[in-house]
Amino acid sequence: MKYNLLLFFTFWINVSLAQVDKPQLNNVTFFGTRTGKDFFYQIPVSGKRPLKIQLQHLPAGVSFDAEKGIISGKLEKDGQYKIKINVANKSGNDSRDLTLVAGDKLALTPPMGWSSWYSYGRKVKEEDILRTAKLMKQYGLDQYGWSILEIDDPWTNQPGEKDPVWSAFKDKPDNKVYEYHEGPGNLTDRVGLTRDQDGTIIPNQYFKNIGQTVKDIHNLGFKVGIYSSPGPLTCGGVAGSYQHEQQDAEYFAKTGFDYLKYDWCSYGIFAKDNSITELKKPYELMGKALKSQPRDIIFSLCQYGMGDVWKWGFETDGQLWRTGGDVRDNWKSIYSAFKLLADKSAYVKPGRWNDPDILQIGAVGAESRSGNSNHLNNQEQTTLMSMWCLLSSPLLIGANLEHMDPFTLSLLTNNEVIAINQDALGKAANLKYTFPNQVEIWSKDLYGGGVTVGLLNPADQEKEIKFPFTLIGKKGRYQVRDLWKKKMIGTGLKEIQAKIPPHGILLISLKE
Ligand code: GLA
């Protein structure tokens with residue numbers, strides 16, 4: 001009897017391990033590239049190394065680096081190119097189709113990566129970015145689709161105190177359009193010449209080898225993002241792109257950047273008023289400049305939702321736009337970020353994403369004074385990740401990865417949850433129903449049928465609900481799965497009953 005039990009456990013452990021060891025292609029669906037532009041794509045695949053990846057039907061102009069798992073090149077004609085990917089190791093194999101879509105759309109699924117803002121903040125240095133890229137590799141985050149490292153403010157120089165830029169601000173009229181910048185004197189070791197004789201932007205002393213850093217990060221298989229502002233100064237008070245837009249776009253492309261976050265700070269003094277024409281102007285300028293470069297560069301608008309940017313952001317050739325101000329690691333801040341998007345799902349589709357801001361998950365303290373911790377408890381961080389996935393929001397990790405912990409890692413590597421964010425249909429959830437006890441039902445339709453539902457409890461106490469699926473128009477019987485636990489709740493169900501912890505969520509999928 002004892003021996004049988006032992007055999008059973010050994011079998012069970014082996015089966016479970018084999019499941020983790022088995023290769024799995026994560027979020028491999030559609031990838032958008034601009035026709036005639038250089039692109040690269042690292043295949044996100046989890047499972048025990050070494051892996052053998054084989055591709056079929058690679059189109060002309062595109063090559064595959066089997067060792068790094070990177071597909072790169074350019075496609076000269078508009079169209080859809082279906083590549084069959086097969087990956088195998090000792091524990092099994094997986095295969096999927098990846099469709100390269102050549103045309104004018106980028107980011108067919110929400111961008112995923114990391115941003116330096118909440119981890120290194122105003123003290124960021126290039127070695128922090130490279131170290132983070134290595135940590136992302138070490139933790140296997142690339143295997144789940146985390147593919148971009150964005151260098152945020154401040155990587156350029158702050159003009160000296162006597163530079164006319166500062167007095168220019170004082171002389172300008174207040175047009176009542178958001179205008180903010182810091183300095184002079186706030187970044188004393190980042191003061192210097194902002195541009196050379198040709199007008200080329202000069203990185204500050206902490207980014208002297210920026211070109212090499214970008215190459216090293218590309219070599220690890222990641223894309224690299226950069227930050228600027230359409231005004232003369234960024235929010236942190238260092239040089240922005242004003243009147244150098246085309247030149248900066250060329251510099252970004254030459255240096256190898258794949259993504260630009262373009263803020264608004266200090267541009268407020270040039271915008272004549274709050275009209276859409278004025279709000280659009282600086283983004284149209286940069287969007288066009290980026291589009292004229294020989295490589296794909298994703299364009300992220302960061303103007304905090306002014307003028308209902310979700311309605312027109314795509315017209316500036318942007319793929320994502322911030323929908324509100326900076327989020328912080330407290331419940332009030334993140335809950336209002338979800339609620340702002342409760343009725344804006346109509347604006348979200350492949351290549352057009354509402355961005356409620358960087359994920360407040362893990363050690364995000366640099367700019368919110370939490371140190372290397374987070375003021376959100378684990379339940380709240382789980383809710384945050386679930387909601388960003390339901391809303392099809394870009395996922396940028398805010399954490400300092402030098403302080404990674406098992407819980408944070410578990411939030412970032414659940415492939416069933418991430419698959420909801422990266423779903424190929426590209427729809428966002430909206431708020432469908434609120435129970436009398438405050439619990440909210442958010443739901444999102446998925447590619448090929450099926451729906452994901454988040455039962456969110458914003459209250460400070462546990463709440464119990466009975467959820468008949470008819471509340472979201474589902475009249476049949478469904479297979480119901482708990483996505484965080486990766487476990488079936490039941491089959492043939494018409495409703496479920498659940499207790500939801502305070503500020504917690506139950507994230508489930510329903511399939512016929
Ligand atoms: C603004 C943006 C932030 C960050 C800072 C940098 O506040 O919203 O995400 O980029 O500027 O100064």
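This is a predicted model: local features need pLDDT of at least 70, side-chain atom pairs count only at pLDDT 80 or more; totals for chains, interfaces and linings use all residues.

**Entry 1: the ligand.** I went to Asp326 first: one of its polar side-chain atoms lies 2.6 Å from an oxygen atom of the ligand. I count that as a polar contact, meaning a pair of N or O atoms within 3.5 Å; within protein, one must be able to donate a hydrogen and the other to accept it, and residues adjacent in sequence count only if both atoms are side-chain atoms. Asp263 also has a polar side-chain atom 3.1 Å from an oxygen atom of the ligand. For Arg322, an N or O atom of the side chain is 3.1 Å from a ligand oxygen. On its own the ligand has 310 Å² of accessible area, and the protein covers 93% of that (Shrake-Rupley method, 1.4 Å probe; for residues, only the protein chains shown count as cover).

Residues are numbered from 1 along each chain as its sequence is written, and side-chain values use heavy atoms, with hydrogens and water left out.

**Entry 2: who else is around it?** I listed the residues around the ligand, and among them are Trp117, Asp152, Asp153, Tyr227 and Lys261 (near means a heavy atom within 4 Å). The shell splits into 5 nonpolar, 1 polar and 6 charged residues. In that count, Ala, Val, Leu, Ile, Met, Phe, Trp, Tyr, Cys and Pro are nonpolar, Asp, Glu, Lys and Arg are charged, and the others, Gly among them, are polar.

**Entry 3: the sheet of 8 strands.** I traced an open sheet with parallel pairing, in the order β16-β15-β14-β13-β12-β11-β10-β17. Strands (E, at least two residues) and helices (H or I, at least four) are DSSP runs numbered from the N terminus, and two strands pair if DSSP finds at least two bridges between them. β16 (353-355) and β17 (395-397) are at the edges with a single partner strand each, so one side of each has no neighbour in the sheet. The twist averages 25° from one strand to the next; axes are lines fitted to C-alpha atoms, for helices over the stretch in contact, and angles run from 0 to 180 degrees between N-to-C directions.

I zoomed in on β10 (residues 112-115) and β11 (residues 148-150), which run parallel and are joined by 3 bridges. Trp114 stands opposite Leu149 in β11. Helix α2 (residues 126-138) lies across β10 and β11, at about 155° to β11 (contact means heavy atoms within 4.5 Å).

**Entry 4: the sheet of 4 strands.** This open sheet has the order β2-β9-β8-β5, and its pairing is mixed. Its edges are β2 (30-34) and β5 (52-56), each with a single partner strand, so one side of each lacks a neighbour in the sheet. β2 runs parallel to β9 (residues 92-103), with 5 bridges between them, and Gly32 faces Val101 in β9.

Entry 5: Which residues does a cis peptide bond join, with omega about -5°? I found Arg49 and Pro50, and Pro50 lies in the loop between β4 (45-46) and β5. The bond from Asp153 to Pro154 is cis as well, with omega near -10°. Pro154 lies in the loop between β11 and α3 (164-171).
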